[in-house]
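Please keep the sequence and the structure at hand while reading.

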Amino acid sequence: MMTKEEKYQALLPQIEGLVAGEPDLIAKMANVAALLHEEFGFWWTGFYRVVGDELVLGPFQGPIACIRIAYGRGVCGTAWQRGETVIVPNVHEFPGHIACSSATNSEIVVPIVSGGTVIAVLDIDSTDYGTFDDTDRHYLEQMVKGMG
Ligand code: SME
């Protein structure tokens, strides 16, 4: 059985292959969400794009989700505001968490930066508590680097 780290290492070149040379952000988001979701079996895996002063739902895999999230709201809006990855081991303890699905118990949100500005976020939800740690942060940040 592969460790999480080995899984990410195996996926990294695949993700890089999916995003390299493709200028269309939506297309890249669609394939990256599908690959991560399929490989790890997360509950919800997807993207929100910065559109004006809100985050707007982008390509995702999993159950239907909230469409618009304000700056600074929830885990996604907080990651956008801080410009850094936010890991939440227990979403029920995160002030202002937006419960798109009551099955979600932990979450990670990774900003995608282009030209020094956050243009989108990658949001992954798990039904387990404490699913995400610095290994996820490290590899997911690397994976989205080529997307912006
Ligand atoms: N829980 C997120 C909202 C997005 S859904 O989980 C897909 C948040 O608090 O930002």
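How many of the residues of helix 3 are buried? Helix 3 is mostly covered, with 7 of its 9 residues buried, where buried means under 20% relative accessible area, exposed means over 50%, and partly exposed lies in between (1.4 Å probe, protein chains only).

## Basis of the model

This is a predicted model, in which local features need pLDDT of at least 70 and side-chain atom pairs count only at pLDDT 80 or more, while totals for chains, interfaces and linings use all residues. Residues are numbered from 1 along each chain as its sequence is written, and side-chain values use heavy atoms, with hydrogens and water left out.

## Helix 3 and its cover

The buried residues in helix 3 are Gly 74, Val 75, Cys 76, Gly 77, Thr 78, Ala 79 and Trp 80; helices (H or I, at least four residues) and strands (E, at least two) are DSSP runs, numbered from the N terminus. The cover over these buried residues includes strand 1, strand 2, strand 3 (68-70), strand 4, strand 5 and strand 6. After helix 3 comes Gly 83, whose phi is positive, near 70°.

## Helix 1

Helix 1 (residues 4-19) has 16 residues and reaches 22 Å from its first C-alpha to its last, close to the 22 Å expected at 1.5 Å a residue, the expected span being 1.5 Å times one less than the number of residues. At Leu 11 helix 1 bends by about 30°, and a proline, Pro 13, follows within four residues; the bend at a residue is the angle between axes fitted to the seven residues ending there and the seven starting there. Helix 1 is followed by Gly 21, whose phi is positive, near 75°.

Tyr 8, Leu 11, Leu 12, Ile 15 and Val 19 are buried in helix 1, and what covers the buried residues of this helix includes helix 2 (25-40) and helix 4 (134-145).

The 16 residues of helix 2 should span 22 Å at 1.5 Å a residue, and its end C-alpha atoms are 22 Å apart, which agrees. Its buried residues are Leu 25, Lys 28, Met 29, Val 32, Ala 33, Leu 35, Leu 36, His 37 and Phe 40, and they pack against helix 1, strand 1, strand 2 (54-61), strand 6 and helix 4.

Two of these residues can be described further. Val 32 counts as buried because its relative accessible area is 1%, and, leaving aside its neighbours within four places in sequence, Val 32 is in contact (heavy atoms within 4.5 Å) with Ile 15, Val 19, Phe 47 and Met 147. His 37 counts as buried because its relative accessibility is 15%; with neighbours within four places in sequence again left aside, His 37 is in contact with Phe 42, Trp 43, Trp 44, Thr 45, Gln 61 and Gly 62.

## Enclosed cavities

Rolling a probe the size of a water molecule over the atoms shows where empty space is left. On a 1 Å grid over the protein atoms alone, a cavity is a set of points where a 1.4 Å probe fits but cannot get out, and a pocket is an open set with protein on both sides within 12 Å along at least five of seven lines, while lining residues have an atom within 4 Å of a point. Of the 14 residues that line the largest cavity, the closest to its centre are His 97, Ile 98, Cys 100, Glu 107 and Asp 123. Helix 3 (74-82) and strand 6 (117-126) are the elements that give two or more residues to this lining, and helix 3 provides the largest share, 3 residues.

The second largest cavity holds about 50 Å³ of space. Among the residues lining the second largest cavity are Trp 43, Trp 44, Tyr 48, Cys 100, Asp 123 and Asp 125, and the elements that give two or more residues to its lining are strand 1 (44-51) and strand 6.

## The largest pocket

The largest pocket has a volume of about 170 Å³. Its lining includes Lys 4, Tyr 8, Phe 40, Trp 43, Ser 126 and Asp 136.

## An exposed loop residue

Pro 95 sits in the loop between strand 4 (86-88) and strand 5 (106-114), and Pro 95 counts as exposed because its relative accessibility is 70%. The C-alpha atoms of Pro 95 and Arg 73 are separated by 9.3 Å, although these residues are 22 residues apart along the chain.

Technical notes
Points joined across faces, edges and corners; volume = space filled by probe spheres on them.
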